[in-house]
Each structure stands twice: as C-alpha cells, then as structure tokens.
Amino acid sequence: MSDMDSHNFPGASPLPVSENPPQADAIRGAASVRSGGHIIGEVIEIAGSSSKVVMDTAILAGLLDHHDTTVRMAGQVGSQVKIRVGPAWLLANIRTQRRYEGQSGLVVAEIDFLGEGDEEQLTGQIYNFRRGVTRYPTPAAVVYAVTTADLKQVYASDGRANVEVGTVYPTNDIRGALYVDAMLGKHFALLGSTGTGKSTAAALILHKICDLAPEGHILMIDPHGEYGSAFKQNGKVFDVNNLNLPYWLMNFREHCEVFVQSKGDAKQMDCDILAKCLLAAKAKSQASAGVAKLTVDSPVPYLLSDLTTILQNEMGKLDKATNSAPYQRLKSKIDEIKADPRYSFMFSGMLVGDTMAAFLTKIFRLPSEGKPISIIDVSAMPSEITPTVVSVLSRLVFDYAIWARNEPQRPMLLVCEEAHRYIPNDDVAEESSVRDILSRIAKEGRKYGVSLGLITQRPSDLAEGVLSQCGTILSMRLNNDRDQAFVKAAMPEGARGFLDSIPALRNREVICCGEGVAIPIRVSLDTLVEERRPASEDPIFSDLWRQHGGEEEIIQRVIKRWRAQGR
Ligand SMILES: Nc1ncnc2c1ncn2[C@@H]1O[C@H](COP(=O)(O)OP(=O)(O)OP(=O)(O)O)[C@@H](O)[C@H]1O
Ligand SMILES: [Mg+2]
C-alpha cells in the first residue's frame, strides 16, 4: 500500500480541470463545497521549515497548456501553491522537487510558507494577503494551483508606499513593487555578476524613489563615474573638481590612514606623535575657541602648516638620543600631500575656512532643491585615498544622524557601489576605518534613520554578517558558487525556492526577497529610458571596430586630461 492510498489522494490519474472537481469534494467533505481552482496534490508532512506536499505529474502536465501563465507554471520549483486551512488560504513556495518513492507519477516537493490570506467567497481567490502563518494545515490538506488573479491580490499593495520596478515572472501583467519604507528602513543589497544590470537596476530604483519622494537625501558613492549621466535632472555630481572635502573633517583614525605610512611598532609611535601634535594644532586654531571638549576627533578647522610647525618644534625639543625619524616621516608625508595636486580636492590651502555647514548642506542635500541625490564620483581620486574619503563621508552621514537626534528627522540613504571594496571580509583585506563605519551603519544605522544600500558583484567578499543585516536582498544572476552560497545563507527562508534560479536568471531579472516585498518575487525589470541610465553601456565591438577617424585629436585630448587630472 502506498502512502497515497491512506491519504485518499486522487492518485496518478489526471484530475479534470474544473472549478470544483468531485475529488476535491471528497477530500474536503461534501459540507464545504467551495471553489478553489485546480487541485494538484496534497500535504504529506508539516514540519516548520521542511514541510512537504506531493503532487501529481499528470495533473501538472495537463495544466501546461492552460491559458493562465501562472497556472501553467504550477508545481515548478520557485512557483507558489495555495493550501486551504479553514476559512483562510495559505500561500507556499516550492523549494525542491523529487520523485515520490513508491508510486510513479507523483513528486514530493518541499515547501516554505509565505503567508496567508482570506478567501473571497464568490471567486475562491486569495485576498487580504499578509505575511506569516497563524495556523498550519494538517497533512492531507489539499494543494491548489495558484492563479494570476490570486497573485494579483497577493502583490497588490497593501496601501504602503511602493515603487513598481518591473513585471513579476512568469506573468506579463502583474507589476512587481518594492515597499519603500520597509526596504530603506532595514538596508538593502543589490547583487549580481558583472553585466547583469545592477547599476541600471540601482538607477531605476533610485529614480522611482525620487519620483515618489522628491525631498529625499541620498548619497551615492560612485567608483566608476557612471551615475552622473543617469541623474542629470535630479542629482548633483561631486568629483575631484568640486567636492572640496576639508581635510580637517577627518577623525584621528582617518588622519592616521593618510599621514602614517609605517607598519608595526613604528606605526604606533607615529600615531601617538600625530595625536599629540594634531591636538595642539587644533587647539591653536580659532575655530576651537568655543569648543568645550576638544579632542583629536573634533571636526574643527586647523592649519596643516600649524601641524607641520608643531611637529618641527617637537622634534627640536628632543634630546640627541631620541629618534627624530617619526617626526620627520610625518612631516614629509604631510608636505608631500599638501604639494600633490591630485590631493587638492581635500588638502588644498583653500579648504582651511570653516565650511562645515556649507559642506554638509551641499552633500546631504539639506534642502534637496529638486536634486535629492548627491553622487560622489571618486573615480579620479588617487586610489590610496578613496577608502578614507568614503570613510569620512559615511561617518559624516552617521555622525550627523547621531547629533541631529533632537531635530526634525531627515533620514538618509547611503548607497555604496562596489561595496566589497569598502566592506571586505578579513580574508580579503585588513581592518580599515571605512569598513568599520559601514559595518557600524549596517548594524545601528536603522535606529538613527541612516539606510544603507550595498551594490556588489562579489557578495562572498563582503565582511561577515553585513549581508544578513540587509533586510531586503535583490539578487540578479550570480555565476559563482561561493557567491550563491553567501546569498543563500542571507536569504529569508521563504525565498529558498528561488535560489536554484539565481544562476539561470536572464540579464535584468532580479529576485527580490525580504522586507521590501510582500513575498519573494522574481521580477523582470523595466527598461530604463536612456537618459536615466548610468554610463555603463557594453561596448559594441563589432560596430565600433569598423569606425575610425580623429585619433590624433583624441589622444591629445586624453593626454591633456590625464596630465591635468581633471575631466
Ligand atoms: N533595466 C534596463 N534598462 C535598459 N538597459 C539595461 C537595463 N538593465 C541593464 N541594461 C543594459 O545592460 C548593460 C549592463 O548593465 P549594468 O551596467 O547596469 O550592469 P552591472 O551589473 O552594473 O555591471 P558591472 O558589474 O560591470 O558594473 C548596460 O548596457 C545597460 O544599459
Ligand atoms: Mg555596475
């Protein structure tokens, strides 16, 4: 005897595709004759995260030419099924499928419950869908195919602010939306191998959010200078020519990263000397006059020349036996940076004035003046200083939020492209100030109204735990096994059924799961109009390699910009 017999399951014979099959009546009992759509199987095991249903392959095959695309997909891994529990419908996602031992024509599928909804009396559809399950079904409960009409109800916004970003797979008319507050409230990560469309997806989402809420405050770290062209209308671009980031906004640790070159014991000694002299230089500055508790971390203007003079004087006070090398090292590094035009966006003599208010105003878009996004194009900065620049900016966002707690709230979103560069794990890089501040924002930012958006093609290189701090995960295709494993670990349970499709997604397709969506969805993203796309087009070799002309001028212009280090 097979298990099936004892469950009174209709067996391997295809069920007639009717609204109210007689077998269903047998299962539910004649007293509750209600429509529910197509019966495809029944529950055989309820055990939290490893509940199982058994489905009839002949019935599934019979649905393959159904007019409703969602019904056609019934039973597939990653698709949904519904199960009736009393007056409610439970929605579950199919995670795996395997052959049913003991009876051919049946498959066992592991399912993850997504949530529940009420049953509309007339149509039998799901409505009023919500996450979480209050009552589980019992084994032998009947499993139904989900219809497009059901999904429309499930995806229908529950009234919360949302942005539509694409079309839910496999339908061509259900819109996939992200709940803005839930997504930003608990951070999000956008992942995908190179060329899958991450940057364009990021631009699409941010554009939609800005259209919805034009008085936002978004800071975007743009390592490749791609986003300026996407946000011409609603963004302000800051690069080496106009960022004017005052060096004195660095805290002590960031100062050390820039000015201290030595390693090991010598590093500690240099840092100690720098701390003493930096505090003295800050104390000397007029701006510190009203500051009650001046520390090496206080963001007050000071003169670099004061700092080097103090270093020089301290060196002069040494008795012969003591080593003057650390002073010399620090002084020459500071002089070198001051003289290097590549660093002038941060260390120019023009930046000594107290411009903190003006700087915060322009970078945080307070007020946004129709341009809620600041794009910090770090592509032309010397690569050794970009991590520190990103650290300073991220820390300013966080510190501002902390010190503005008693003020009217202005939540901010910090978007970090190529996040694996700035929050790498221990195997990839040693500790740095940028990693610490971004990890801290990932952990605590929510409480202060600071949201983090991480974009990366290498989730496995991200510092441990950062991905799981992201409440919403948007995953595009990932080719690498290790990356897939990391994303799997960070995804909420209900989304596991989608995991197998991650390596098989097409470009522009994204799996969205977590806080930002009602249930995990696979979305085919909308085409973004050209003027809103980042400048990251794939070169068309076959076409471009047929063109020539003007090379001499091109080379001259390139060399000019190269030498001038400006665009
Ligand atoms: N939604 C979209 N609408 C229009 N074009 C798109 C869309 N998504 C991707 N593209 C096109 O696909 C190409 C690659 O996209 P994109 O630069 O966003 O990929 P990426 O994942 O950011 O790549 P990388 O990891 O190299 O930065 C671009 O030419 C882009 O114009
Ligand atoms: Mg990109």
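## Report on a predicted protein–ligand model

In strand β9, Gly176 is the bridge partner of Gly166. Helices (H or I, at least four residues) and strands (E, at least two) are DSSP runs, numbered from the N terminus. The structure is a predicted model, in which local features need pLDDT of at least 70 and side-chain atom pairs count only at pLDDT 80 or more, while totals for chains, interfaces and linings use all residues. Residues are numbered from 1 along each chain as its sequence is written, and chains are lettered from A and ligands numbered from 1 in the order in which they are written.

Strands β8 and β9 run antiparallel and are joined by five bridges; two strands pair if DSSP finds at least two bridges between them. A hairpin of six residues connects β8 to β9.

| Strand | Residues |
|---|---|
| β8 | 162-168 |
| β9 | 175-179 |

Ala177 lies in strand β9. Ala177 counts as buried because it has 24 C-beta neighbours inside 10 Å; the cut-off for buried is 20 or more other C-beta atoms within 10 Å, for exposed 12 or fewer, with partly exposed in between, and C-beta atoms are placed from the backbone. Among the residues that Ala177 touches are Tyr155, Asn162 and Val165, not counting residues up to four places away in sequence. Contact requires C-beta atoms, placed from the backbone, within 7 Å. The C-alpha atoms of Ala177 and Ile521 are separated by 9.3 Å, although these residues are 344 residues apart along the chain.

The protein chain has 20 helices and 18 strands. Of its 567 residues, 44% count as buried. The largest nonpolar core holds 152 residues, of which Ile40, Val81, Leu219 and Leu414 touch the most other members. Such a core is a set of buried Ala, Val, Leu, Ile, Met, Phe, Trp, Tyr and Cys residues joined through C-beta atoms within 7 Å. Val81 is also one of the residues that Ile40 touches, not counting residues up to four places away in sequence.

Ligand 1 is surrounded by 18 residues, and the closest are Gly197, Lys198, Ser199, Thr200 and Ser536; a residue is near a molecule if its C-beta atom, placed from the backbone, lies within 6 Å of it. Helix α7 (residues 198-212) supplies the largest share of this shell, four residues.

The protein chain averages a pLDDT of 87, and 93% of the residues score at least 70. The pLDDT, from 0 to 100, is the predictor's confidence in each residue.

Conventions
Two residues are in contact if their C-beta atoms, placed from the backbone, lie within 7 Å.
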